[in-house]
Each structure stands twice: as structure tokens, then as C-alpha cells.
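Please look over the sequence and the 3D structure shown here before reading on. The text then goes through some parts of the structure one at a time.

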Amino acid sequence: MFMGSVRVCSSESVCVWQSEGRVAVWLHVPLCRSRLAEAAALQGFIFHHAVRDEAVLSLWMGDGESRLPHYATHQVGVAGAVVNQSNGKVLVVQDKNRAKNMWKFPGGLSNPSENIGDTAVREVFEETGIRSEFRSLLSIRQQHHHPGAFGNSDMYLICRLAPVTYDINFCKHECLRCEWMDLAKLAKSSDGAPITSRIAKLLLYGLENGFNNIDLSMEELPAVYTGLVYQIHHRKIPERYK
């Protein structure tokens with residue numbers, strides 16, 4: 001692989017790269033010089049992706065079809081199911097400006113480099129004014145050709161959170177309504193999205209039988225890259241197996 005710039009993109013450059021045994025070239029084109037993308041296209045470059053003020057083009061020079069990875073095609077949405085274990089109620093909202101206002105758990109898109117639990121806690125506070133703490137991952141939904149993801153794939157994760165505060169002060173720009181609702185009522189409500197009803201039933205089961213039966217706990221482990229860590233979510237296992 002080779003990282004290049006538009007200043008070195010010419011037929012002579014391509015010949016040199018081929019003679020050096022390069023199989024692919026990445027070309028970074030700043031927005032202010034985007035007119036030069038045409039010169040790169042004449043040498044066989046194609047668009048790979050664009051982020052903010054830079055487009056990245058690629059040229060495959062190896063045998064057969066390109067083996068370069070596609071750019072990221074998923075967005076990650078995270079919601080927080082804030083459960084008050086003392087009374088069996090959960091925090092729900094109705095989005096504003098929707099054709100059908102259904103009860104759902106507060107949430108939104110995860111920011112770059114933001115952990116799942118942090119997204120859930122942040123989104124819950126921004127939408128409802130409730131402060132909470134991350135407890136576990138409950139579910140993952142995968143959906144393709146999502147209209148809200150520009151036709152790409154969407155990953156939607158729901159976390160279990162514990163409330164730290166209880167007084168609602170919801171964002172009137174985003175939410176039409178917000179309230180603490182009985183889990184049993186939410187599980188049977190026809191005013192909720194199917195996934196909301198399903199998670200409400202899951203939480204009811206956890207409330208009655210122990211959340212250890214439904215939680216996917218989080219643990220940080222060292223990554224193979226020096227100095228980095230990652231978060232892994234799975235059911236708890238006995239210490240002797242760790």
C-alpha cells in the first residue's frame with residue numbers, strides 16, 4: 001500500500017509504483033484542491049470515501065478484483081433503558097415531529113471514539129434531564145437499508161442504566177412527552193415500537209429473576225495495539241474461568 005498526494009499523481013507515478021511492486025495506492029485530496037480529483041480519475045483512481053474537508057481516492061494495481069476494504073457503512077445508535085428497581089418503572093420518551101408518536105427509550109447516535117455506555121448516559125441526560133449510570137448491554141438490533149442511515153446498515157444497541165436522579169426535565173426540541181412508566185404497562189402497550197415492548201418484557205424478567213440472567217456485562221481488555229484497550233460485552237462467567 002502507498003499513501004500519496006495529488007502532487008505526485010501522474011502516469012509516470014503510476015508506472016513507478018507498479019515497478020516497485022505496489023498493489024494499491026491511497027490518494028488524499030483536500031477539499032480546496034478537489035478539482036485535481038479529475039487528474040487522478042484519468043489515472044484510474046476512484047472515490048473511496050470523504051470526511052469533512054478531504055476526499056480519499058484509491059487505485060488498485062494488484063491482480064484480479066480489488067481487495068481493498070470498503071469504507072464504513074454502518075451507523076451506531078444507542079438507547080438507555082433507565083430502570084428504577086424500587087418501583088419497577090422505566091424512563092420512556094416520545095419523539096417530536098414523528099408521523100406516529102410511539103414510546104421508546106431515549107437515545108441517539110454514538111459519537112466517534114465514544115463508548116456504548118457513555119453514549120447511552122449522555123443521550124438520556126440530553127433528552128430527559130435524568131442522570132444515570134451504565135449497568136449492562138441488553139440487546140443489539142441489526143437493520144439493513146435503513147432510511148435514516150442513507151440506505152446503509154444500522155446497529156441499534158440498548159443498554160440498562162440505573163437512575164441517579166429522578167426529576168424529569170425533558171428537551172422540548174426533541175421530545176413530545178417523557179415519563180416514568182410501569183414496565184408491565186409498557187410491555188403490553190400498543191403505543192410502543194415492537195423493540196420497546198420486547199425489551200420491556202426482558203427487563204420485567206430481569207426484575208423478577210435477577211438482572212444477571214439478562215445482562216451482558218462490560219469488561220475492558222488490552223488490545224493487541226500497544227497502549228490501547230477495548231470493551232467486551234458478554235454474560236458473566238465464574239472467576240475460575242477467567
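Predicted model: local features only at pLDDT ≥ 70, side-chain atom pairs only at ≥ 80, totals over all residues.

Residues are numbered from 1 along each chain as its sequence is written, and side-chain values use heavy atoms, with hydrogens and water left out.

Start with helix 1, which covers residues 11-19. Helices (H or I, at least four residues) and strands (E, at least two) are DSSP runs, numbered from the N terminus. The buried residues of helix 1 are Ser 13, Val 14 and Trp 17. These residues lie on the same side of helix 1, because they cover an arc of only 100° around the axis. The arc is taken from the directions from the helix axis to the C-beta atoms. Exposed residues, Glu 12 and Ser 19, are carried by the face turned away from the buried side of helix 1. Here buried means under 20% relative accessible area, exposed means over 50%, and partly exposed is in between (1.4 Å probe, protein chains only). Just after helix 1 comes Gly 21, with a positive phi of about 80°.

A pair of aromatic rings is described by the distance of the centres and the angle of the planes. Rings of Phe, Tyr and Trp (its six-membered ring) pair if their centres lie within 6.5 Å; planes under 30 degrees apart count as stacked, over 60 as edge-to-face and the rest as tilted. By this rule there are two aromatic pairs. The ring centres of Trp 17 and Phe 45 are 6.5 Å apart and the planes are at 85°, so this pair is edge-to-face. The pair joins distant parts of the chain, as Trp 17 in helix 1 and Phe 45 in the loop between helix 2 (37-42) and strand 3 (46-51) are 28 residues apart. Both Trp 17 and Phe 45 are buried. Tyr 166 and Trp 180 form a tilted pair, with 6.1 Å from centre to centre and 35° between the planes. Tyr 166 counts as partly exposed at 43% relative accessibility, whereas Trp 180 counts as buried at 18%.

Charges are also found over rings. A charge sits over a ring if NZ of Lys or CZ of Arg is within 6 Å of the ring centre and within 35 degrees of the ring normal. Arg 131 lies over the face of Phe 125, 4.1 Å from the ring centre. Likewise, the charged end of Arg 160 sits over the ring of Phe 211, at 4.0 Å from its centre.

Now consider the backbone. Most residues other than glycine have a negative phi. Ser 113, in the loop between strand 8 and helix 3, has a positive phi of about 65°. His 145, in the loop between strand 9 and strand 10, has a positive phi of about 55°. Ser 113 is exposed, with a relative accessible area of 83%, and His 145 is exposed too, at 67%.

The last topic is the largest pocket. On a 1 Å grid over the protein atoms alone, a pocket is an open set of points where a 1.4 Å probe fits, with protein on both sides within 12 Å along at least five of seven lines; lining residues have an atom within 4 Å of a point. The largest pocket holds about 730 Å³ of space. Its lining has 26 residues, and Asp 95, Arg 98, Lys 104, His 146 and Tyr 156 lie nearest its centre.

Conventions:
Points joined across faces, edges and corners; volume = space filled by probe spheres on them.
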